[in-house]
Amino acid sequence: MSTKTRGIDFSKLSLKDALDLAILVEEEAEERYVELAHQMEIHRTEEAAAFFRFMAINEKKHGSELSERRKKLFGDAPREVRRTMIFDIEAPDYDEARAQMSPHEALTVAMSSEKKAYEFFVAALPHLSDPEVRSLFEELRQEEIHHQELVAKELAKVPATKDALGDAFEDEPLAL
Amino acid sequence: MGAELPVVFDPKDYKSDLKPIWCPGCGDFGVLQAMYRALASVGRPPHEIAFVSGIGCSSRIPGYTTAYGFNSVHGRALPIAQGIKIANPDLLVLVAGGDGDGFSIGGGHLPHAIRRNLDLTYIVMDNQIYGLTKGQLSPTSPLHLKTVTSPHGAMEAPVNPLLYVLAYGAPFVAQGTPADMAGLAQIIEDAIRYPGFAFVNVQSPCVTFGQDDWQVKQHRAAMKTLESLGHNSTDLLSAMDKARSYGSELYTGILYKNPNPAPTYDAMVRERQQALTTGSPSPARILDGFLQK
């Protein structure tokens, strides 16, 4: 966990800070998926690009939901947790991307990112002292399990070859 | 009016609209991201930063930031950066490039930049290959490496950049890898904050022409933080001892940090300018003197 955050004392994390942290985690993941989509587009890897764009939309949706919740509880109170304090918690690792990667490989990248986020929340739990923060982290951990299940379902549909994804990600984003 | 709120920068403030065209999986993506974080932590606005590079894949970096950028001539990033710093010492000047740019084509500039000790941060993305030109031997390529210019294996021993800069007297020497982005961001931040020439060697693998068994994934397994080894970064001999393992061990963190920073060249230039102008006649008086003759 120490390599994923900097300057965050989890034992003193308030609910506001925990919500801000969760929002930043989603924002970071959204941005990374957009970056990966762009990398794929300029290397003519359209199907993986489409999937990464789809993931970016999902991360944005999660971030917006958390932001609404934060606003309801804490209004415009200033953020104490910043982007400089978090590192690749749910954002896919850059080194997992490859030019000409198959849809199956793109889904595998998403799966390892969901697992990474799950492991982060699990590792943080013993350090939390605020019961509300603990409950939020437990909820986030559960969500990551749900996301893994959804990605696993998609992975099962896609052959581990360079074949096309078809229309699977052209519709509205799935409720990941 | 109330007190002015302090300006807090976000990594995004340093990210330009230009999208990187590196190969997917390139180590430089992580280095760039760590730089954004480090710059946001340091908190200097983009218009107070100049980013100079040479030529190569990694030298595209200034264009991906919102700072003033100069993607200059192969191997000549350091002389240009020194000129910028002397002309405008208030700028935060960063220099970036690859191992070929820094240790081969621009290799002659490095010792002189170090001995002048300008307040610069030099970040080398060391991928042990010439990637942009499709995989020729570079000065840090390991012995026996097979490349397009060494189909039967390299016959030259590689340069050891860490030992090299320590021997030249660099007051701040560190090494990082994009496998540990938090650690790398911290190293770059410390390098920027150091008052003098700071050198950061980043092992940034080339995913296309680099060694298959020395990619970011392998870095994650192999890296050893100097902090965890109890390394004393103020001990030059200990730093040199660790630096000798370049190519066999991946140590990350600050190898050496001179606890008593010497005056920088840019500060000395400023002092001398002030000393020479104080009490000396104004340019108008000098001109009048000529005209009277």
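I began with burial: a residue is buried if 20 or more other C-beta atoms, placed from the backbone, lie within 10 Å of its own, exposed if 12 or fewer, and partly exposed in between. By that rule, 51% of the 293 residues of chain B count as buried.

A note on what I am looking at: this is a predicted model, in which local features need pLDDT of at least 70 and side-chain atom pairs count only at pLDDT 80 or more, while totals for chains, interfaces and linings use all residues. Residues are numbered from 1 along each chain as its sequence is written, and chains are lettered from A and ligands numbered from 1 in the order in which they are written.

**Overall build.** I found 10 helices and 8 strands in chain B; these are DSSP runs numbered from the N terminus, helices being H or I with at least four residues and strands E with at least two. The C-alpha atoms of chain B fill a box of roughly 75 × 55 × 40 Å along the principal axes.

**The sheet.** Which order do the strands take in the open sheet of chain B? I read β2-β1-β3-β4-β6-β5-β8-β7, with mixed pairing; strands pair if DSSP finds at least two bridges between them. β2 (68-71) and β7 (223-225) of chain B stand at the edges with a single partner strand each, so one side of each has no neighbour in the sheet. Inside this order I checked β5 (residues 172-176) and β8 (residues 250-257) of chain B, which pair in the antiparallel sense over 4 bridges. There, Gln175(B) stands opposite Gly253(B).

**Two helices.** I then turned to α2 (residues 77-87) and α4 (residues 109-116) of chain B, whose axes come within 9 Å and cross at roughly 25 degrees. Axes are lines fitted to C-alpha atoms, for helices over the stretch in contact, and angles run from 0 to 180 degrees between N-to-C directions. α2(B) and α4(B) are therefore roughly parallel, since angles under 35 degrees count as such, over 145 as roughly antiparallel, 65 to 115 as roughly perpendicular and the rest as oblique. Leu78(B), Pro79(B) and Gln82(B) of α2(B) meet His109(B), Leu110(B), Ala113(B) and Arg116(B) of α4(B).

**Meeting chain A.** Last, I looked up the partner: 22 residues of chain B are in contact with 18 residues of chain A. Contact means that the C-beta atoms, placed from the backbone, lie within 7 Å. α1(B) gives the most to this side of chain B, with 5 residues.

Definitions and conventions:
Two residues are in contact if their C-beta atoms, placed from the backbone, lie within 7 Å.
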